[in-house]
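Please read them with the structure open beside you.

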Amino acid sequence: MDAIARTVRDLLASLVKAALMSEDRASLFWRAEAAQAQAVLSADREAARTLKLDGLWSLAVQEAEAPDLRDAEGRVAFGLPAACPFALSELAEPDLDIDAAVERIRTSAATG
C-alpha cells in the first residue's frame, strides 16, 4: 500500500474510531488524528484520485473495530455500512468538517 492510500485509510479509521468512542476525550483524540491525516490528503489530492475508496473503507473499519478498542466503543450499536459514506473528493477537500464527517459515520452506522 502506498503512502497516500495509507493516509486515506488512516483518515477513515480515525473518523470511525471517533464515531465509535463513548468517551468524549477519546473521540477528540481520534478527531485530531483524522484532521492530521486529512491535511496530508488535501495537500496531495491529485495522488489520491485513482484510489479505490471502498477497499480502503473496509480496511479502516477492520482497524477501527479491533478487539483492543471495543471496551472504549459504545456510541454505535449497529454495524457500519459496507460502502464508504464519503466520496474521495469530499475527504480531500481542504475545508472538510471533521465533526460533520464523524456524525455522518454515526448516522450511517445507526441506519445501516
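1. Read from the N terminus, the elements of the protein follow the order α-α-α-α-α-α, and the count is accordingly given as 6 helices and 0 strands. Please keep in mind throughout that this is a predicted model.

2. Among the contacts in the protein with a separation of 6 or more, 82% are accounted for by residues 24 or more positions apart.

3. Two packed helices are described by the angle between their axes and the distance between the axes. For helix α1 (residues 3-20) and helix α2 (residues 24-43), the axes come within 8 Å and cross at roughly 155°. Because angles over 145 degrees count as roughly antiparallel, α1 is roughly antiparallel to α2, and the crossing in which α1 passes α2 is left-handed.

4. As to which residues make this contact, α1 contributes Ile4, Thr7, Val8, Asp10, Leu11, Ser14, Leu15, Lys17 and Ala18, while α2 contributes Ser27, Trp30, Arg31, Glu33, Ala34, Ala37, Gln38, Val40 and Leu41. Sorted by class, the contact of α1 with α2 comprises 10 nonpolar, 4 polar and 4 charged residues.

5. Ala5 also belongs to helix α1. Is Ala5 buried or exposed? Its relative accessible area is 6%, and since buried means under 20%, Ala5 is buried. When residues up to four places away in sequence are not counted, Ala5 touches Leu51 and Leu56. Ala5 and Leu41 are 36 residues apart in sequence, and their C-alpha atoms are 9.3 Å apart in space; Leu41 is one of the α2 residues in the contact with α1.

6. Towards the other end of the numbering, Ser108 has its place in helix α6 (residues 98-111). With a relative accessible area of 14%, Ser108 falls under the 20% limit and is therefore buried.

Conventions:
Residues numbered from 1 in each chain as written. Predicted model: local features only at pLDDT ≥ 70, side-chain atom pairs only at ≥ 80, totals over all residues. Heavy atoms only, no water. Helix = DSSP H or I, 4+ residues; strand = E, 2+ residues; numbered from the N terminus. Buried < 20%, exposed > 50% of the residue type's maximum accessible area, 1.4 Å probe, protein only. Axes fitted to C-alpha atoms, helices over the stretch in contact; angles between N-to-C directions. Parallel < 35°, antiparallel > 145°, perpendicular 65-115°, else oblique. Left-handed = near helix turned anticlockwise from the far one by under 90°. Contact = heavy atoms within 4.5 Å. Nonpolar A, V, L, I, M, F, W, Y, C, P; charged D, E, K, R; others polar.
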